[in-house]
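Please walk through this structure with me, one element at a time. Keep the sequence and the 3D view side by side.

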Amino acid sequence: MPGTRKLGRTTDHRMSMIRGQVTYLLNFGRIETTITRAKEVKAMAEKMVTLGKTGTLAARRQALAFITDESVVKKLFDVIAPSFNEKNGGYTRIYRLGPRRGDGAEMAIVELIGFEPKVEDKKAAKKASKKEEPVAEAKAEESTEA
């Protein structure tokens, strides 16, 4: 049952932290946190996706009451939830990473299923395509000169 872990914080602080992490998860598709926080975030994110699948005005208002950014709610209802229309749950996944170097806390990645590549992966793909373009242009110039 979601919300049973206290995470060493007061109720207001805990809910604020979870709201922020759910917002970031829905906005970016992936976050890195501790395993216990990841389990709480997963439960609440699944509830938000279920609200998004409902698509009613009341569901949108409930999501706005929890998620801290209006643009993320719009993204949830317009992009994320329709992509899960055929699924009846299991919208997120938790990967265990191992202990954190500083304090040994077990770390995990929470991501939405069907997550797009990270920004770094897109940058690497752009760099690779830029490296290939000058080579292709040089070969085209050589063939026109010959």
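Is F28 buried or exposed? F28 is exposed, because its relative accessible area is 52% and the cut-off for exposed is over 50%. F28 belongs to helix α1.

Now the whole chain. The model is predicted. It has 146 residues, and 31% of them count as buried. Five helices and three strands make up its secondary structure. Their order along the sequence is α-β-α-α-α-β-β-α. The accessible surface is about 9700 Å². Carbon and sulfur atoms hold 52% of that surface. Consider next the contacts with a sequence separation of 6 or more. Of these, 57% join residues 24 or more positions apart.

L7 sits in the segment before α1. Its phi is positive, at about 55 degrees, and L7 is not a glycine. Most residues other than glycine have a negative phi.

Next come the helix pairs. Two packed helices are described by the angle between their axes and the distance between the axes. Take α1 and α2 to start. Helix α2 spans residues 35-54. The axes of α1 and α2 are 9 Å apart, at an angle of about 65 degrees. Their crossing is right-handed. On the α1 side, the contact uses M17, I18, Q21, V22, L25 and L26. On the α2 side, it uses R37, E40, V41, M44, A45, M48 and V49. Ten of the residues in this contact are nonpolar, one is polar and two are charged.

Helix α1 covers residues 11-28, and it also meets helix α4, residues 70-83. The axes of α1 and α4 come within 10 Å and cross at roughly 45 degrees. The two helices are therefore oblique to each other. This crossing is left-handed. From α1, the contact residues are T23, L26 and N27. From α4, they are V72, K75, L76 and I80. By class, the contact of α1 with α4 has four nonpolar residues, two polar and one charged.

Follow α2 onward to helix α3, residues 57-66. The axes of α2 and α3 come within 8 Å, and they cross at roughly 150 degrees. That angle is over 145, so α2 is roughly antiparallel to α3. The crossing of α2 past α3 is left-handed. M44, M48, L51 and T54 represent α2 in this contact. A59, Q62, A63 and F66 represent α3. Here six residues are nonpolar, two are polar and none is charged.

Which residues does M48 contact, leaving aside its neighbours within four places in sequence? They are V22, L26, A63, F66, I67 and L76. M48 is a residue of helix α2. M48 counts as buried because its relative accessibility is 5%, and buried means under 20%. The C-alpha atoms of M48 and F77 are separated by 9.5 Å. Those two residues are 29 residues apart along the chain.

Turn now to the strands. T34 lies in strand β1, residues 30-34. At 12% relative accessibility, T34 counts as buried. Residues up to four places away in sequence aside, T34 touches R100, A105, E106, M107 and A108.

M107 is in strand β3, residues 106-112. Is M107 buried or exposed? M107 is buried, with a relative accessible area of 8%. With residues up to four places away in sequence left out, M107 touches E32, T33, T34 and I35 among others. Its contacts also include Y95, R96, L97, G98 and R100. M107 and L97 are ten residues apart in sequence. From C-alpha to C-alpha, they are 5.3 Å apart in space. R100 is in contact with M107 and also with T34.

Methods: Residues are numbered from 1 along each chain as its sequence is written. This is a predicted model: local features need pLDDT of at least 70, side-chain atom pairs count only at pLDDT 80 or more; totals for chains, interfaces and linings use all residues. Side-chain values use heavy atoms; hydrogens and water are left out. Axes are lines fitted to C-alpha atoms, for helices over the stretch in contact, and angles run from 0 to 180 degrees between N-to-C directions. Helices (H or I, at least four residues) and strands (E, at least two) are DSSP runs, numbered from the N terminus. Angles under 35 degrees count as roughly parallel, over 145 as roughly antiparallel, 65 to 115 as roughly perpendicular and the rest as oblique. A crossing is left-handed if the near helix is turned anticlockwise from the far one by less than a right angle, and right-handed if clockwise. Contact means heavy atoms within 4.5 Å. Ala, Val, Leu, Ile, Met, Phe, Trp, Tyr, Cys and Pro count as nonpolar, Asp, Glu, Lys and Arg as charged, and the others, Gly among them, as polar. Buried means under 20% relative accessible area, exposed over 50%, partly exposed in between (1.4 Å probe, protein chains only). Accessible areas come from the Shrake-Rupley method with a 1.4 Å probe; for residues, only the protein chains shown count as cover.
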